[in-house]
2 protein chains.
Amino acid sequence: MKVIKGSVTAPKSFAAAGVHSGIKKKRKDLALIFSKVPAVAAAVFTTNKVKAAPVLVDKQIIKKGGPVQAVVANSGSANACTGRQGIKDAVETMKFTAALLGIPQDNVFVASTGKIGMPLPLDRIKYGVKLAASIMNESYASGTDAATAIMTTDLARKEIAVETTVSGKKIRIGGIVKGSGMIHPGMATMLCFITSDAVIERRALSSALKQSVGSSFNMITVDGDRSTNDTVLVLANGRAGNKKITSGSPGYGTFCQALEYVCLRLAKAIVKDGEGATKFIEIKIKGAASLSDAKKTAFSIATSCLFKTAMYGSDPNWGRIVSAVGNAPVSMDPEKLKVYINGILVVKNNAPVPGSREKARELLTGKNAVIEVDMQTGKSGCVIWTSDLSTRYVRINAAYN
Amino acid sequence: MKVIKGSVTAPKSFAAAGVHSGIKKKRKDLALIFSKVPAVAAAVFTTNKVKAAPVLVDKQIIKKGGPVQAVVANSGSANACTGRQGIKDAVETMKFTAALLGIPQDNVFVASTGKIGMPLPLDRIKYGVKLAASIMNESYASGTDAATAIMTTDLARKEIAVETTVSGKKIRIGGIVKGSGMIHPGMATMLCFITSDAVIERRALSSALKQSVGSSFNMITVDGDRSTNDTVLVLANGRAGNKKITSGSPGYGTFCQALEYVCLRLAKAIVKDGEGATKFIEIKIKGAASLSDAKKTAFSIATSCLFKTAMYGSDPNWGRIVSAVGNAPVSMDPEKLKVYINGILVVKNNAPVPGSREKARELLTGKNAVIEVDMQTGKSGCVIWTSDLSTRYVRINAAYN
């Protein structure tokens, strides 16, 4: 497997465009992704019980088994908490796009991100879809523009593509993502769109996606919340001509590996672009009694405001790590706990390791931090990623309107 | 019941002093509270699995049934994550104080707050205990000094006393507390010491304390964590001469009401003095399916960084409230949800109420905010209190060392 240029249009027979429809004042705000043939689709959605209108209609599409041929995603309005009008607007977007592209209405997947409670400006959406459809086959249209058009408070565009081989055929997977928190301000959402030209059975695609999301997007946190709009969609249009991948076939592992790589790179890109983030933090748990315990412990550290502010201050404050571990709803023995900061053992036998704090402080001045916790009570572990909590995070989220 | 002057020395036969022992550079750092006779004692401790040494030894005292006659509390060092040495130091403090005051070792309750992982400077503790004991009966010694000596990042001293009548006798309850977060930096802790001259059975005192803490200290959050040292202690020395209060006696309700009032006032004082706090926020949940659901929903809002930063920005960002409600692990129906900000209905039928945002924004410019959520799925509710998340909170906790 190798990383290649581009993103959602790297796989065969996908087109994409990102345009300015007028929802935002100046910046691109509408993305269209189109597969020349109907594509097998799988998706995962937010677990928040308050779900945005596009999530509700998309769940129906995926439940019915797809296929999906077009994705319309706008930024600037989340179409969340918009009542019945929100559902109508999402359906109208599907209807309009389907008619324009000559495909069935159910093959259009819609997504929104931006302000909660603001009605979708349907005229601008339609204008944007028309404009995007008219240029998506031109050489200047690109997945990069689509990646730009879904950005909200993101500072960096996030895209990737990889190539691997299944049954002697080259297959590609490309993806774009937006989100600099699992949840945003009035601004909801993480959105991720992944395309592939692989020939793959729907159920295999669905299980590959669940597995990949489990070890990537579900292993990151910026501010600990899930939004009303979070969506990860993967489309596979079968144009690579490989032998069909099923969950039992030899190509399945290869495909999963590539998909997981794409998800992981995009997930880490979100953390690096976390609102106000100055540090990229990896939290490794080992010696936990179960995977579930390991995850709870890792997230207890990653969501602790005190841990995150210490990281912002480049302070090897292991007391806050130990306290966060003790607060996780899992069984643990403080006497057995070992904590490493950037490789330096700072706590063992429930007491500090002499001289370790100074060493750890030196190593914490950079942009990366690795926190390792060995619970010594079992054999399970996990790795998650998070960012620090800075004064800029507070300013971004206090000033937003 | 009426509020009176003073705090832990307002009830009969209690003395207290706060002195500078030298743990901190300049400020008072050691408090001594003494009852002229052994007092019935009840206490609640942190649920964090990593417990500081003083918490471990105090739990034994309370388990054995008390009594307690002296409390030694220091700030500057939490005596947490200090291994076996920490336990030895806590026990040595008890031993030294007991010998000095001529009371049994088990009647000395110890508490620490400050840096985690720093050994207790025993010489300074002993010097401080000696100094405090030598002055505690002087007219210039006071509960106010004790309240000052336990402060860490607290900006305000927090104390209160009340007087009520049980079986024709005046009884008093006084309390001091420290803590500007449920957990602090390397700085651990919330500590609360309450005294009373009531005659009360130990089991009744214990159940009164549990009930009072449940509706006060357990209903506040600044940054969502529990520290390694959190302790609430109540002592009753029986000097008021009332008819003994038992859980069935007529005076029990009166005592509970007064104790709950003291706890609630001190709990709210902690939130008002929350690190970096600019707003005092009350969150009321009603219409929940159970009390447990109501609490989970309230704390999901109160611990959301996005909600707290919006409050800091005086932004009536109800989208963040609705999203936090949807993230709570309880059953809810977005269609039924009603949200009020300072009395203004801002969301119903899963959509914003036109014009409400502007009205709510005007009312949010002050120092107080009341968020009311009606889930309309049941008959339970609760009220909790929290503060906002400001750039100053981040600076305090990033710069701390």
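Author: Residues are numbered from 1 along each chain as its sequence is written, and chains are lettered from A in the order in which they are written. The model is predicted, local features need pLDDT of at least 70, and side-chain values use heavy atoms, without hydrogens and water.

Reader: What makes β14(B) and β15(B) a pair?

Author: Two strands pair if DSSP finds at least two bridges between them. β14(B), residues 344–348, and β15(B) have two bridges, in the antiparallel sense. B:Val347 stands opposite B:Pro352. Strands are DSSP runs of E, at least two residues; helices are runs of H or I, at least four; both are numbered from the N terminus.

Reader: Which order do the seven strands of the open sheet in chain B take?

Author: The order is β10-β17-β12-β16-β13-β14-β15, with mixed pairing.

Reader: Why are β10 and β15 of chain B said to stand at the edges?

Author: Each has a single partner strand, so one side of each is left without a neighbour in the sheet.

Reader: Which residues of α2(B) are called buried?

Author: Buried means under 20% relative accessible area, exposed over 50%, partly exposed in between (1.4 Å probe, protein chains only). Among the buried ones are B:Gly83, B:Phe96 and B:Leu101.

Reader: What follows α2(B)?

Author: B:Gly102 does, with a positive phi near 70°.

Methods:
This is a predicted model: local features need pLDDT of at least 70, side-chain atom pairs count only at pLDDT 80 or more; totals for chains, interfaces and linings use all residues.
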